[in-house]
Amino acid sequence: MRKKIGWFSLLFLLIIGITLSLTVGTIPLSLRDLMDVFQQNASASKELIVFNFRFPRLLVSLLAGSGLAVSGYLFQTVTHNDLADPGILGINAGAGLTVLIYLGFFARGENSWYLPLIACVGSCGATCLVYYFGRQAERITPNRLLLAGVAVNAGISALTLIATIRVSKDNYQFVTAWLAGTIWGTTWQHVFLLLPWLICLIPAVLLRGRALEVLELGDEIAVGLGVRLKRTQLFILICAVCLAAASVSIAGSISFVGLIAPHIARQFTGKKNNQTLVMTALIGGILLLFSDILARVILPSGEMAAGIIVSLIGAPYFILQLLKKS
């Protein structure tokens, strides 16, 4: 019964979020205007607003939120630490550093098919550092890994600030907006940049759903049940890193989505399985979508970065979970 309530609630929130995302903005649209747009009875300007600006932004929010949420789910499963999140562990920061260096010093324009790959390079580098400093006796220690992630995140953030200072004046505004978590990828090209990563990686993870369930029982039990531990962990980590990197490269530096979404999903499902993973993806997309909507309307003029809204929710949640674990 709890699962059904969860799915219906999420479906309702998704419908509300999609409607608000398409109607709320600098130029507000009514539901009647929206219906006219889809029936091709609206003016060219309204069709332009919906199809060329708001609809791609809506899809980027859903896709990036889902990618970050699934990434957090995978990190929490592999590290056996419910506080693991690609933002807290420095994965997002590593992706952000390489993306900013590329956009600030080398790219001619912001749109580039290389962005997710460049972000993956930075995320992989950050992952290697976190693993190197967080391991103990060739094993992953959850608490040590979390501390290593915080340290690596702080170090990369400092390098990012230095890179920000060195970028040109023309790119400075974009860089600062990206660091704050502004969803800058708002065109169909950005949607098509991000979509293949999720289409390939999330089904690949779902096919390993049984192994994920066994990993949740502990490494020793997983080995005893026939799971190839190192190979499975490496595969899951690669998927988690790539999902986070691709999402951050398009949506900006956004943290805590990967922390909150898996926790909420488990409140409805009770354990980790493929159903929990799909629900986690949906929750992450809805969370980032509503954060983006709030960011548009919370200020009298202009808009706030969606990453700030997510952090206002995620930071207290992280502290609460930390106190519970203590």
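Start where helix H2 (residues 31-38) touches helix H3 (residues 44-79) in this predicted model. On the H2 side, the residues making contact are Asp33, Leu34, Val37 and Phe38, and they meet Lys46, Glu47, Val50 and Phe51 of H3. Sorted by class, that contact has 5 nonpolar and 3 charged residues, with no polar ones. The two axes come within 10 Å and cross at roughly 85°. Angles of 65 to 115 degrees count as roughly perpendicular, so that's what H2 and H3 are to each other.

Now stay on H3 and look for H8, the helix of residues 188-207. Here the axes come within 9 Å and the crossing angle is roughly 30°. With the limit for roughly parallel set at under 35 degrees, H3 and H8 therefore fall into that group. The crossing itself is left-handed. H3 brings Phe51, Asn52, Phe55, Pro56, Leu59, Val60, Leu63, Ala64, Ser66, Gly67, Val70 and Leu74 to this contact, while H8 answers with Trp188, His190, Val191, Leu194, Leu195, Leu198, Ile202 and Val205. Count them by class and you get 16 nonpolar and 4 polar residues, with no charged ones at all.

Next comes H13, residues 274-297. Its axis and that of H3 come within 7 Å and cross at roughly 135°, so the pair is oblique. This time H3 passes its partner in a right-handed crossing. Among the H3 residues involved are Arg54, Arg57, Leu58, Ser61 and Tyr73, and the H13 side includes Thr276, Gly284, Gly285, Asp292 and Arg296. The class count for this contact is 12 nonpolar, 7 polar and 4 charged residues.

Which helix gives the largest share of its lining? It's H3 again, with 4 residues. Ile49, Phe53, Arg54 and Arg57 are on the lining list, along with Val24, Gly25, Thr26, Ile27, Thr186, Arg296, Gly302 and Glu303. The lining is evenly split by class: 4 nonpolar, 4 polar and 4 charged residues.

Technical notes. Residues are numbered from 1 along each chain as its sequence is written. This is a predicted model: local features need pLDDT of at least 70, side-chain atom pairs count only at pLDDT 80 or more; totals for chains, interfaces and linings use all residues. Side-chain values use heavy atoms; hydrogens and water are left out. On a 1 Å grid over the protein atoms alone, a cavity is a set of points where a 1.4 Å probe fits but cannot get out, and a pocket is an open set with protein on both sides within 12 Å along at least five of seven lines; lining residues have an atom within 4 Å of a point. Helices (H or I, at least four residues) and strands (E, at least two) are DSSP runs, numbered from the N terminus. Ala, Val, Leu, Ile, Met, Phe, Trp, Tyr, Cys and Pro count as nonpolar, Asp, Glu, Lys and Arg as charged, and the others, Gly among them, as polar. Axes are lines fitted to C-alpha atoms, for helices over the stretch in contact, and angles run from 0 to 180 degrees between N-to-C directions. Angles under 35 degrees count as roughly parallel, over 145 as roughly antiparallel, 65 to 115 as roughly perpendicular and the rest as oblique. A crossing is left-handed if the near helix is turned anticlockwise from the far one by less than a right angle, and right-handed if clockwise. Contact means heavy atoms within 4.5 Å.
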